[in-house]
Amino acid sequence: MKKFFKIRESFAARTSMYIIIVVGIVFIATLSVSFYFSYKTVESSAMKNAEVTMAKTTLEMERLLSGISKMVDNIKLVVEDGNLPADTVYLLVRQIVANNTDIAGCAVAFEPYYFKDKGYYFSPFAYRQGDSVVVKQLGNPDYDYFTMEWYQIPKLLDKNFWTEPYYDEGGGESIVSTYSTILRNKNGEFIGVLTADISLDWLSTTVQNLKPYPNSYSFAIGCGGTFIVHPDKDKILNESIFSIALEDEDPTVMQSLGQKMVDGESGEAKIVRDDKLCYFFYAPIEQIGWSLAMVCPKDDIFADLSKMSQVVFNVALFGLLLILVFCRLTMQKVASPLKSFAASAKKVAHGDFNVALPEISSKDEMKELRDSFGYMQKELVHYMASLESTASAKEKIESELRIAHNIQQGMIPKTFPAFPTRTDLDIYASLDPAKEVGGDLYDFYIEGDLLYFIIGDVSGKGVPASLLMAVTRSLFRSNSAYLKKPADIVSSISNAITEGNDSNLFVTLFLGILNLKTGELRYCNAGHNHPVLLSDDTVSFFPMKPNIPIGLFHDFPYEDEVTQLANGAVLFCYTDGLTEAESETKELYGDDRLLAIMQGKQRYSSKRQVQVVLADVAKHVGKADQSDDLTILTITSKFSNYSEVLTLKNEMSEVETLKLAMDSFFEKVNVPPEMAMPLQLSMEEVIVNVIMYAYAGKPGTFEVELSECASVLTFVITDSGIPFNPAEKEDPDITLAAEDRQIGGLGVFLVKQLMDDVEYNRRNNQNILTLRKAINKK
Amino acid sequence: MEAKIEQQGEKAIITISGRLDSMNSGDFEKTVEPILTGNTKDVEVNCVNFEYISSSGLRIFLSILKSVKSRGGSVLIRDMNADLRGIFDMCGFSPLFKFE
């Protein structure tokens, strides 16, 4: 049951609920409209019913009263005839009462001494007592009828008259209303009255019959508003409609209704009686000036309607419940395959493409869904198979490219320092292809005192360019082995490439042969970028003839050029991947930025120069993709230099030995005295580390080379102890308070602070630490 | 390197001259041992002819500072030459010592 009403999770429950809400709203609207019109109909029919009943009752009463008055008026002719013997009047009145059941009593009252022998009072009176009729003479000193309302008012007004109800004491001894008709003699003189009494009991019965609803009641009031008929007998003649109005919270409602009744109007109103809303109908009984009223509680009038509404509501509620259950069960049945689909989809997501689908027998959307699902399964199997083969093919290509990359990187010299024993050359290079393999190349080697070097850029990128790059590099090695002029080598390579160059690829080259003893540089350019020359604090592009790239024309006359490099001058060669490196906004790195970043860097080691430039390019490129292969080859020629090599033991006394050796070295290369202290301090720190830790307490030796070239001091410390890279050592935090400061760790930190460059290399099981410092000579 | 120490109650005056390097820093450490272990509060280092210091020497200066600081004292360095002062600056020692 709980599951049945899980609205949120169940499609069936949710849909059923929506249907019930909509149907419920329609039901309520329909019932409301129907109830409204029924209400109006019942109300108007109740009104009509009340009006008719009232009219019928008043008509009945009018008819009765006028019957009595007409009968009396007719009989009076008999009495007015002067020949009627006095005693016959007794018979007359008895007969009238006996013959008219509507009449409670009948009297003929004469003026004093009308019959001489009958004296002052003569009024024969007949009235009903049980089933018999009693006759008596009414007038006597105790019952002075001349003062009675029923005698006096008609006489005074000279017209027939209905009295207000009164208790006929000494007469009929009951509450009656009397009709008096005037008797006259032949001369038209007043001789007395003939009266007929009607009993109010009779009137009450008639009025009480006015009861269209179980709790409705009626009453009648006289001319002054006094109750003549009322279900509460105590109110009759004792209270009036105005006196009971005073008991109401708002007396004016009843008072104004009373006034209208007294004025003989008819109508209806809504009043509150005993805390119940009631319809109040009233109409006059014109003949005697009375007014009749009927009070019907609203609940009574609409009792049937509300009972019917109750039944309709219950039926509707039951109907809604029935719809809910029916919808829920139907939806559940319709939606049940969806659960199976969900389970199947989950299995498909986990790779089980052949999972069984629920059987759908119907030919509706569910069947369509099943077919689509089945189709998807089939397609997935197909797709996965093709994806797998694509992926494996791609992987194969990628793996081959990786191998090609390694082969290509293996073709170029990549171990630095390339010539650790040579103090007259500092060379460093970097090649960074945009893809796995690229068309950039560099190469160098030393033969005797000559450095052969080449940097080049094959047009295009990727595998085609890389093949030509490999060919070019091989041609450089083979041709330079026997050709001694750069232009000859370039021409030879160019001719070899041009031959059979169906793809029309070309290569820009810069090829040079540097005499490491003299600084003389012979070179040939084949359409390559101008290298940057750093010398004597100036940074400029290296001047050379452009010529044309190789691979275009057979036997193009490439020309040699010769220049003398200054001692310590730097030749910074690169490919256009550097100056044309694109930023995220497609801006090029540019020649100007290259010249600017190289400014003041001539005393940096070649490696550091390359690192500085590559870091700046990386900053420029940002998150953009590398657009082209990027190659740098930088050469510092130090043909004129001075160097000394010391071999020291790992004993603390060697600190003094080194100090003395450095003092004499400084004097030879003209190091200003104020620079001596920091240099000695740095070297002390470095060798103390070697002495104390490199050989783990065993005796050992290490080499220190002190050299100077173009105002740059280079100290190389080589030991064969345990590997230790001081350049990687973390710096101490020098901002801490005295209490928190570590006692040690300052030595290496000071070396890094005091020297321009600290470079560590591990080669042939040796720690090679190189310190550099530019000096200002005296 | 030559170093001597003069104790004046809770105050010690160190006079150092020449080169304080890794070879002789052990000697200097012995010389100043009374300051490290005793109850000296304030230390004055006279550096008129003090020429050279390496990290082993800086380490001893820091040890002296730490021990007198723990007693609420301070270290005053007098007449140190600009080169050595530069080394002290580089190590972040300048805010820790007083200089005159």
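**Close-up views of a predicted model**

F572(A) is buried, its relative accessible area being 0%. This residue, like the others in the legends below, is shown in a predicted model.

**Aromatic pairs of chain A.** The view presents two tilted pairs, F453(A) with F510(A) and F572(A) with Y574(A). Over all chains, a search of the whole structure returns 50 aromatic pairs. In one of them, F453(A) and F510(A) have ring centres 6.0 Å apart and planes at 50°, a tilted arrangement. F453(A) belongs to strand β15 (residues 450-458) of chain A and F510(A) to strand β16 (residues 507-515) of chain A, so this pair ties together parts separated by 57 residues in sequence. F453(A) is buried because its relative accessibility, 0%, falls under 20%. F510(A) likewise counts as buried, at 0% relative accessibility. The rings of F572(A) and Y574(A) also form a tilted pair, with 6.2 Å from centre to centre and 40° between the planes. Y574(A) is buried at 2% relative accessibility, and F572(A) is buried at 0%.

**An aromatic cluster in chain A.** One cluster is formed by the tyrosines Y113(A), Y120(A), Y121(A), Y145(A) and Y151(A) together with F146(A), W150(A) and F190(A).

**Arginines over aromatic faces.** In chain B, R85(B) lies over the face of F99(B), and the distance to the ring centre is 3.8 Å.

**A five-stranded open sheet in chain A.** The strands follow the order β13-β22-β21-β18-β19 (chain A), and their pairing is antiparallel. At the edges are β13 (425-432) and β19 (538-541) of chain A, each of which pairs on one side only. From one strand to the next, the twist averages 15°. Strands of a sheet pair through backbone hydrogen bonds, in either a parallel or an antiparallel manner. Strand β18 (residues 532-535) of chain A is joined to β19(A) by four bridges, and these two strands run antiparallel. L534(A) has V539(A) of β19(A) as its bridge partner. Helix α13 (residues 591-598) of chain A packs on the sheet, where it touches β18, β19 and β21 (570-574) of chain A. The direction of helix α13 of chain A makes about 155° with that of β19(A).

**Surroundings of T40(B).** T40(B) is placed in the loop that runs between α2 (33-37) and β3 (42-46) of chain B. With a relative accessible area of 1%, T40(B) is under 20% and therefore counts as buried. Its side chain makes a polar contact of 2.6 Å with the side chain of Q7(B). Leaving aside residues up to four places away in sequence, T40(B) touches Q7(B), E10(B), K11(B), A12(B), P34(B), I35(B), V68(B) and R71(B).

**Overview of chain B.** This chain contains four helices and six strands. Of the 100 residues in chain B, 49% are buried, and T40(B) is one of the buried residues. Among the contacts in chain B between residues at least 6 apart in sequence, 69% join residues at least 24 apart.

Methods: Residues are numbered from 1 along each chain as its sequence is written. Chains are lettered from A and ligands numbered from 1 in the order in which they are written. This is a predicted model: local features need pLDDT of at least 70, side-chain atom pairs count only at pLDDT 80 or more; totals for chains, interfaces and linings use all residues. Side-chain values use heavy atoms; hydrogens and water are left out. Buried means under 20% relative accessible area, exposed over 50%, partly exposed in between (1.4 Å probe, protein chains only). A polar contact is a pair of N or O atoms within 3.5 Å; within protein, one must be able to donate a hydrogen and the other to accept it, and residues adjacent in sequence count only if both atoms are side-chain atoms. Contact means heavy atoms within 4.5 Å. Rings of Phe, Tyr and Trp (its six-membered ring) pair if their centres lie within 6.5 Å; planes under 30 degrees apart count as stacked, over 60 as edge-to-face and the rest as tilted. A charge sits over a ring if NZ of Lys or CZ of Arg is within 6 Å of the ring centre and within 35 degrees of the ring normal. Two strands pair if DSSP finds at least two bridges between them. Axes are lines fitted to C-alpha atoms, for helices over the stretch in contact, and angles run from 0 to 180 degrees between N-to-C directions.
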